[in-house]
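Keep the structure open while you read.

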Amino acid sequence: MDAKFGSLFETIGNFFTGGEQIPWCDRDVIAGCEREVAEAANGDSEERKNESIMRLSWALVHSRQKEDIQRGIAMLETSLGNDKSPLHQREKLYLLAVGYYRSNDYGRSRQLVEQCLEIAPDWRQALSLKKIVEDRIAKDGVIGIGITATAVGLIVGGIATALARRS
């Protein structure tokens, strides 16, 4: 019985907090990745440059700062067409989906994660992100319905009160 209550409270807590399992990235990690990109630009191989840019993109879309997330999205969108490797495309689509999720653009995030799953249908990270995004979309729908119902209730209550006073 206690396990059921614990599970219930965890579910309720996850509903209000989001319960997401996407990691966050600190500013110092981003700064380290930026240094790595700058160093790689000074004559390193193209592969090393691309790897350091991907690490920076990962760090940016996992940041808590909206401007970092937007910068990561811009970097990934710019580089998306430059790489024909399905593995790299999958990674970039996934990171873009994370970035859009963190930017609260859940529809675009879902669209990108579905593209990612077209490339790799069994990729657990993408499947997990898809569930997180769909749960968030459903949660926002429930909250929206609740707000609408409350507003309608207040309006009807106000009208009923005004009519009762007239009588």
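## A greasy patch on the last helix

I155, I159 and L163 together make a nonpolar surface patch of about 300 Å². To join such a patch, a residue needs over 30% relative accessible area and no salt bridge, and nonpolar side chains (Val, Leu, Ile, Met, Phe, Trp, Tyr) are linked within 5 Å, while like charges are joined within 9 Å. Areas here come from the Shrake-Rupley method with a 1.4 Å probe, and for residues only the protein chains shown count as cover. L163 sits in helix 7, which runs over residues 124-166. In an α-helix there are 3.6 residues a turn, so residues three or four places apart point the same way.

A quick word on ground rules: this is a predicted model, where local features need pLDDT of at least 70, side-chain atom pairs count only at pLDDT 80 or more, and totals for chains, interfaces and linings use all residues. Residues are numbered from 1 along each chain as its sequence is written, and side-chain values use heavy atoms, with hydrogens and water left out.

## The overall build

The protein chain has 7 helices and 0 strands, taken as DSSP runs numbered from the N terminus (helices are H or I, at least four residues; strands are E, at least two). Of its 167 residues, 28% are buried. Buried means under 20% relative accessible area, exposed means over 50%, and partly exposed is in between, with a 1.4 Å probe and protein chains only. The accessible surface of the chain comes to about 10600 Å², and 57% of that belongs to carbon and sulfur atoms.

## Helix 3 and its cover

Helix 3 (residues 46-61) has 16 residues and reaches 23 Å from first C-alpha to last, close to the 22 Å expected at 1.5 Å a residue; the expected span is 1.5 Å times one less than the number of residues. Its buried residues are S52, L56, S57, A59, L60 and V61. Helix 2 (27-40), helix 4 (66-80) and helix 5 (86-102) are among what covers them.

S52 is buried, at a relative accessible area of 1%. Setting aside neighbours within four places in sequence, S52 touches E36, V37 and A40, where contact means heavy atoms within 4.5 Å.

## Salt bridges

How many salt bridges does the structure hold? There are 7, each being a side-chain nitrogen of Lys or Arg within 4 Å of a carboxyl oxygen of Asp or Glu. In helix 3, K49 and E46 lie 3 residues apart, about one turn, and their side chains meet at 4.0 Å, N to O. K49 is partly exposed at 23%, whereas E46 is exposed at 52%.

Helix 7 has K131 and D135, 4 residues apart, bridged at 2.8 Å. E91 pairs with R90 at 3.0 Å between the closest N and O atoms; E91 is partly exposed at 26%, while R90 is buried at 16%. E36, R48 and R55 are linked in a salt-bridge network.

A disulfide takes a pair of cysteine sulfur atoms within 2.5 Å, and the structure holds 0 of them. C25 is buried at 6% relative accessibility, and C33 is buried too, at 9%.

N104 has a phi near 70°, a positive value in a residue other than glycine. N104 lies in the loop between helix 5 and helix 6 (106-119) and is partly exposed at 48%.
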